[in-house]
Amino acid sequence: MNQQNFNSNFDPKVKESEIPPGYLNIMGYVDESEVNGPGCRAVIWVQGCWRECPGCFNPESWSFDTNQLISIDDLVNKILSKPRNQGVTFSGGEPFLQAPALAELAAKIKVKGLNVMSFTGFTLEQLQSKNAPTGAKLLLQQLDILIDGPYIESLAINSPNSPVSSRNQQVRIFNPALKDQINWASDEIEVHIFKDGSRLVTGYRGGLELS
């Protein structure tokens, strides 16, 4: 994708109109993750991304079709119901294509003392530009950490010391209190086994596997 023309091949407003106000379309959710940002965190994988990057770890997230519609308030309650959650991470999919709803969720979480982090395929400069997706600046204002830039397979990093998955990506720390907590690695694996016997594998190069 030519970064100078990043806004020319999609219309996020069309996709936003298919999601009811006050709701998010998500691919997955997990509590108490320790490989998707600093500390113990809730993680929300949003549904929808037009990039289709080669080597993408979550191709199931590309479709903009409705997957799981969940209200912002229900997500807030889920996150706060687990005392071990110290923050929330937005992944995907492309979080900034649902920026207004995520900004609202982030604001409600932050007043409870949790921090907020997001991954994005956009660069920070694109998100600050006049062509940024709707609500991008509102979401940026709520973030403590941003990992920006698309995954580029030829620049992949598989290292126990790297919080990013490809060399073009950057860790943007907006909250100085977290500057010494950039200690997760993009190639760590975490397995969650649920009461119904299903499992979720996350953290490995940023991927999400449900079974």
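Arg-84 is found in the loop that connects helix H2 and strand E4, where helices (H or I, at least four residues) and strands (E, at least two) are DSSP runs numbered from the N terminus. The structure is a predicted model, in which local features need pLDDT of at least 70 and side-chain atom pairs count only at pLDDT 80 or more, whereas totals for chains, interfaces and linings use all residues. Residues are numbered from 1 along each chain as its sequence is written, and side-chain values use heavy atoms, with hydrogens and water left out.

Arg-84 counts as partly exposed because its relative accessibility is 43%; buried means under 20% relative accessible area, exposed means over 50%, and partly exposed lies in between, as computed with a 1.4 Å probe and protein chains only. Leaving aside neighbours within four places in sequence, Arg-84 is in contact (heavy atoms within 4.5 Å) with Glu-32, Glu-34 and Cys-40. The side chains of Arg-84 and Glu-34 are joined by a polar contact of 2.8 Å, a term for a pair of N or O atoms within 3.5 Å, of which, within protein, one must be able to donate a hydrogen and the other to accept it, while residues adjacent in sequence count only if both atoms are side-chain atoms. Although Arg-84 and Gly-39 are 45 residues apart along the chain, their C-alpha atoms are separated by 9.1 Å.

Helix H2, which spans residues 72-80, lies across strands E1 (23-33), E2 (41-46), E3 and E4, and runs at about 80 degrees to E3; axes are lines fitted to C-alpha atoms, for helices over the stretch in contact, and angles run from 0 to 180 degrees between N-to-C directions. Seven strands form an open sheet of mixed pairing, in the order E3-E1-E2-E4-E5-E6-E7, where two strands pair if DSSP finds at least two bridges between them. At the edges are E3 (68-71) and E7, each of which pairs on one side only. From one strand to the next, the twist averages 30 degrees.

Within this sheet, E4 (residues 87-91) pairs with E5 in the parallel sense over four bridges, and Thr-89 stands opposite Met-117 in E5. E5 (residues 115-119) also pairs with E6 in the parallel sense, over three bridges, with Ser-118 opposite Leu-146 in E6. By contrast, the pairing of E6 with E7 (residues 170-173) is antiparallel and has four bridges, and here Ile-147 stands opposite Val-171. Along E6 (residues 145-148), Ile-145 and Ile-147 point one way while Leu-146 and Asp-148 point the other way, and all are buried.

Arg-172 belongs to strand E7 and is buried, because its relative accessible area is 17%. A polar contact of 3.2 Å joins the side chain of Arg-172 to that of Asp-148. Beyond neighbours within four places in sequence, the residues in contact with Arg-172 include Leu-124, Glu-125 and Asp-144.

Taken as a whole, the protein contains five helices and 10 strands, and 51% of its 211 residues count as buried. Among contacts between residues at least 6 apart in sequence, 65% join residues at least 24 apart. The mean pLDDT (the predictor's confidence in each residue, from 0 to 100) is 84, and 79% of the residues reach 70 or more. Over residues 1-9, however, the pLDDT is below 50, and this stretch has 14 contacts in the model beyond near neighbours in sequence.
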